[in-house]
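Hi,

Here is the structure I promised to pass on. Have a look first, and my notes follow below.

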Amino acid sequence: MKISLMLESQENLSWDALKRIAGQIDNTRIYGLFLSDHLFSVKGTSDSFGLPVWPAMTAISIWTHSLKFGPLVNSITFRHPAQVAKMGASLQTLSDGRLELGIGAGWYSGEHEMFGVKLPDTKERMELLEEYIQIIKGLWTVDDFSFEGHNYQIKNASMNPKPSTKIPLIVGGMASRTIEIATKLGDQWNGYYLEHDKLIKKLDLIRKLEEKYSKSIKKTIMIPFVIGDSNEEISNHLNNCNQVFSNLPTNIEEWQNLGFLGGTPPEIVDQIQKYKEIQIDHIILEHLNIENDSSLNNLKENVLIHV
């Protein structure tokens with residue numbers, strides 16, 4: 001079981017905080033550090049500040065030595081696939097092969113309207129996503145690559161240097177069509193904020209699609225976490241997470257019922273075991289209380305040694 005962290009880049013993440021957290025988890029049992037891709041706070045608060053995902057990932061590649069990293073997920077609405085293919089190949093070389101590229105169809109209408117970026121309807125975004133992935137994979141592997149799609153046309157394009165090793169593609173999203181695209185074209189699927197019964201249904205669909213496409217993909221889930229050695233520590237962590245996203249529970253039982261990791265280290269070890277039992281390969285923990293370094297130390301020292 002792999003355990004990684006995810007940071008909400010748009011919710012008051014500073015360069016100093018990113019560097020501190022990356023350094024704290026590099027060369028540990030934490031597998032990777034993933035960043036969101038947004039132009040504006042998803043809470044809609046104009047006083048929030050944040051970091052652009054691709055420069056931030058470049059910084060991580062320089063600041064760290066073993067940590068995997070990637071966008072969770074790069075929105076297809078913000079950049080042309082050739083740009084992402086070029087940046088991805090370059091960053092993979094810079095980091096000695098530590099990039100894992102998450103791709104998604106985009107969803108937050110507020111930032112698209114604010115910055116004049118078109119957000120197509122769901123059906124069109126699914127079509128764009130499928131073409132986007134094919135173009136990235138083609139540019140990474142084929143010389144004189146051509147592609148004739150409804151949305152993108154590529155003519156005898158070459159991109160060098162190509163990745164020296166394969167860059168895993170993580171396709172994020174909850175819709176059945178997204179899951180099919182992930183299974184057909186990706187290496188991993190990422191879901192988020194799913195209760196166990198709903199997650200199991202998504203996994204059942206993936207297994208049927210794996211049979212259809214005669215391939216297997218990794219299954220990942222992104223969920224928030226809280227940790228503490230006492231009720232007071234757990235409550236404080238919950239409250240701090242709620243300051244970031246006010247729709248999150250402030251009650252640990254409700255938190256756990258939603259499938260989020262939460263409680264004392266032994267409780268979290270047991271919760272991770274349940275994810276293992278339903279064959280989740282990788283849990284990506286949304287780290288919302290970014291000033292709480294003790295929570296990461298507790299996670300590293302008292303949880304990850306047991307999973």
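Is phenylalanine 115 buried or partly exposed? At 44% relative accessibility, phenylalanine 115 counts as partly exposed; buried means under 20% relative accessible area, exposed over 50%, and partly exposed in between, with a 1.4 Å probe and protein chains only. This residue sits in helix α4 (residues 109-115). Helices (H or I, at least four residues) and strands (E, at least two) are DSSP runs, numbered from the N terminus.

Before you read on, two notes. This is a predicted model, where local features need pLDDT of at least 70 and side-chain atom pairs count only at pLDDT 80 or more, while totals for chains, interfaces and linings use all residues. Residues are numbered from 1 along each chain as its sequence is written, and side-chain values use heavy atoms, leaving out hydrogens and water.

The overall picture: the protein has 11 helices and 12 strands. Its radius of gyration is 19 Å, which agrees with the value near 19 Å for a compact globule of 307 residues (taken over C-alpha atoms; the rule is 2.2 Å times the number of residues to the power 0.38). Buried residues make up 54% of the 307. The accessible surface comes to about 13600 Å², and 48% of that belongs to carbon and sulfur atoms (Shrake-Rupley method, 1.4 Å probe; for residues, only the protein chains shown count as cover).

Leaving aside residues up to four places away in sequence, it touches Leu238, Asn242, Glu254, Trp255, Leu258 and Phe260 (contact means heavy atoms within 4.5 Å).

On to charges. The whole structure holds 12 salt bridges, each a side-chain nitrogen of Lys or Arg within 4 Å of a carboxyl oxygen of Asp or Glu. Here are three of them:

- Aspartate 293 pairs with arginine 20, the closest N and O atoms being 3.1 Å apart. Aspartate 293 is in helix α11 (residues 293-302) and arginine 20 in helix α1, so the pair ties together parts 273 residues apart in sequence.
- Aspartate 37 meets arginine 79 at 2.8 Å, N to O. The former lies in the loop between β2 and α2 and the latter in the loop between β4 and α3, so this pair ties together parts 42 residues apart in sequence.
- Glutamate 180 meets arginine 177 at 3.6 Å, N to O. Both lie in helix α6, three residues apart, about one turn of the helix. Glutamate 180 is buried at 17% relative accessible area, whereas arginine 177 is partly exposed at 33%. Salt bridges with shared partners join Glu130, Arg177, Glu180, Lys184 and Lys212 into one network.

Cheers
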